[in-house]
Amino acid sequence: AAWEELLFRVVLLALGARVAARYLAPLAGTGRAGRALAWSTAMVPVALLFAASHLSAVNGLFGRGGEHFDAALFAWRTLSGILLAVLYAWRGVGVAAWCHATVNALLLIGASPGVFL
């Protein structure tokens, strides 16, 4: 969970927000509204990448592991990625990583994703 948070939130979300801010500056400016729009815009593609990274088609490129595509599980992971991004923006990477690790631990001991909804 910690490595995923570093990659997806600290690196990719920050990079995505920076790129979004550059292209969205004419719409919202460079102030607080512009930053909020840039971060919000970057959250969705990063969450989709986060969900895709758990698939065997993607995970298999880096070794064994991953799961076959299931639309409901993919949507759940995408929503989780968005919620972790909001948590990261609000409280920082440590809180997001602990939350992610806690959810992973609960899933490991047998909780289903429906428990969190």
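**First selection: helix 4 against helix 5**

Select Trp76, Leu84, Leu87, Tyr88 and Arg91 in helix 4, which meet Val93, Val95, Ala96, Cys99, His100, Val103 and Leu107 in helix 5. Contact here means heavy atoms within 4.5 Å. Sorted by class, this contact has 10 nonpolar, 1 polar and 1 charged residues. In that scheme Ala, Val, Leu, Ile, Met, Phe, Trp, Tyr, Cys and Pro are nonpolar, Asp, Glu, Lys and Arg are charged, and the others, Gly among them, are polar. The axes of helix 4 and helix 5 are 7 Å apart, and the two helices pack at an angle of about 150°. Axes are lines fitted to C-alpha atoms, for helices over the stretch in contact, and angles run from 0 to 180 degrees between N-to-C directions.

The model is predicted: local features need pLDDT of at least 70 and side-chain atom pairs count only at pLDDT 80 or more, whereas totals for chains, interfaces and linings use all residues. Residues are numbered from 1 along each chain as its sequence is written, and side-chain values use heavy atoms, with hydrogens and water left out.

**The whole chain**

Zoom out and colour by secondary structure. The chain has 5 helices and 0 strands, giving the pattern α-α-α-α-α along the sequence. Helices (H or I, at least four residues) and strands (E, at least two) are DSSP runs, numbered from the N terminus. Of the 117 residues, 27% count as buried; buried means under 20% relative accessible area, exposed over 50%, and partly exposed in between (1.4 Å probe, protein chains only). Among contacts with a separation of 6 or more, 60% are between residues 24 or more positions apart.

**Helix 2 against helix 4**

Next, select residues 32-52 (helix 2) and 71-91 (helix 4), whose axes come within 8 Å and cross at roughly 135°. The two helices are therefore oblique to each other. Angles under 35 degrees count as roughly parallel, over 145 as roughly antiparallel, 65 to 115 as roughly perpendicular and the rest as oblique. Helix 2 passes helix 4 in a right-handed crossing; a crossing is right-handed if the near helix is turned clockwise from the far one by less than a right angle, and left-handed if anticlockwise.

The residues of helix 2 that meet helix 4 include Trp39, Met43, Val44 and Leu48, and their partners in helix 4 include Phe74, Arg77, Ile82 and Tyr88. By class, the contact of helix 2 with helix 4 has 15 nonpolar, 2 polar and 1 charged residues.

Within helix 2, centre on alanine 47. Is alanine 47 buried or exposed? Alanine 47 counts as buried, at 0% relative accessibility. Not counting residues up to four places away in sequence, alanine 47 touches Thr78, Gly81 and Ile82. A C-alpha distance from alanine 47 to arginine 9 gives 9.2 Å, across 38 residues of chain.

Move to glutamate 5 in helix 1 (residues 2-28). Glutamate 5 is buried, at 0% relative accessibility. Its side chain makes a polar contact with that of arginine 9 at 2.9 Å. A polar contact is a pair of N or O atoms within 3.5 Å; within protein, one must be able to donate a hydrogen and the other to accept it, and residues adjacent in sequence count only if both atoms are side-chain atoms. Leaving aside neighbours within four places in sequence, glutamate 5 is in contact with Val10, Leu84, Val93, Ala96, Ala97 and His100.

Alanine 97, in helix 5 (residues 93-108), is buried with a relative accessible area of 15%. Alanine 97 and arginine 9 are 88 residues apart in sequence, with C-alpha atoms 9.6 Å apart.
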